[in-house]
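Here is a friendly briefing to read with the structure open beside you. Please take a look at the chain, then follow the notes below.

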Amino acid sequence: MIKQSDIDRVLDACNIVDVVKDYNVNLKQKGRYLFACCPFHEEKTGSFCVAPETDTYHCFGCREHGNSISFVIKQEGCSFPEAVKKLAEKYNIDIEESEPSAKEQMERKQKEAMYIANDILAKYYHELLLKNAEACKYAYGRWNEDL
Ligand code: ZN
């Protein structure tokens, strides 16, 4: 897991135009926006629009849209953290990587193990209790007979 503050810093540094151009998308300025043939679907006219003001992109053809991170995810077919790391590298941003998440994962595993153990223990004690109850009843009966 990457800290939210680090993700924000990466996003702040990202320039969607640069990021898109890294993937050989031939962007052409049209007023406030840049257009290109969409990298996500086959087309001959550019309906892929990049908005530098909001650092986002939108395709009027296939409706694909998002920011620099989602663009990298789509292009690379990678995970969210991988995309953030890639962009952090591009912009020389140090991000703190997943020490707490490794711990969290460990804790999660331990919790799961505990849960399973508890479940087994609960069943064990339940059986023991049932047997004990039988034993008690038996003993009680014997005791009654003895009277
Ligand atoms: Zn498209």
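**A strand residue and its surroundings**

In this predicted model, Val50 touches Ile16, Val17, Val20, Leu27, Tyr33, Leu34, Thr56 and Tyr57, once its neighbours within four places in sequence are left aside.

**The nonpolar core**

- Val50 is also among the residues with the most contacts inside the largest nonpolar core, along with Val10, Val20, Leu27 and Phe48.
- That core has 27 residues.
- Two or more core residues come from each of α1, α2 (16–21), β2, β3, β4, α3 (68–76) and α4 (80–90).

**Strands and hairpins**

- β3 and β4 run antiparallel and are joined by four bridges.
- Across this pairing, Phe48 stands opposite Cys59 in β4.
- The β3 and β4 hairpin has four residues between its strands, and Asp55 takes a positive phi there, near 55 degrees.
- β4 is also joined to β5 by three bridges, again in an antiparallel arrangement.
- His58 has His65 in β5 as its bridge partner.
- Five residues lie between the strands of the β4 and β5 hairpin, where Arg63 has a positive phi near 70 degrees.
- The two faces of β4 can be told apart: Tyr57 and Cys59 make up the covered face, while Thr56 and His58 make up the uncovered one.

- Cys38 counts as buried because its relative accessible area is 6%, under the 20% limit.
- Cys62, at a relative accessible area of 30%, is partly exposed.

**A helix residue and a hairpin residue**

- Asp12 belongs to helix α1 (residues 4–13).
- Is Asp12 buried or exposed? Asp12 is exposed, because its relative accessibility is 67% and the cut-off for exposed is over 50%.
- Asp12 lies 9.1 Å from Asp55, C-alpha to C-alpha, with 43 residues separating the two in sequence.

Terms used: Residues numbered from 1 in each chain as written. Predicted model: local features only at pLDDT ≥ 70, side-chain atom pairs only at ≥ 80, totals over all residues. Heavy atoms only, no water. Buried < 20%, exposed > 50% of the residue type's maximum accessible area, 1.4 Å probe, protein only. Core = buried A, V, L, I, M, F, W, Y, C linked by side-chain atoms within 4.5 Å. Contact = heavy atoms within 4.5 Å. Pairing = 2+ DSSP bridges.
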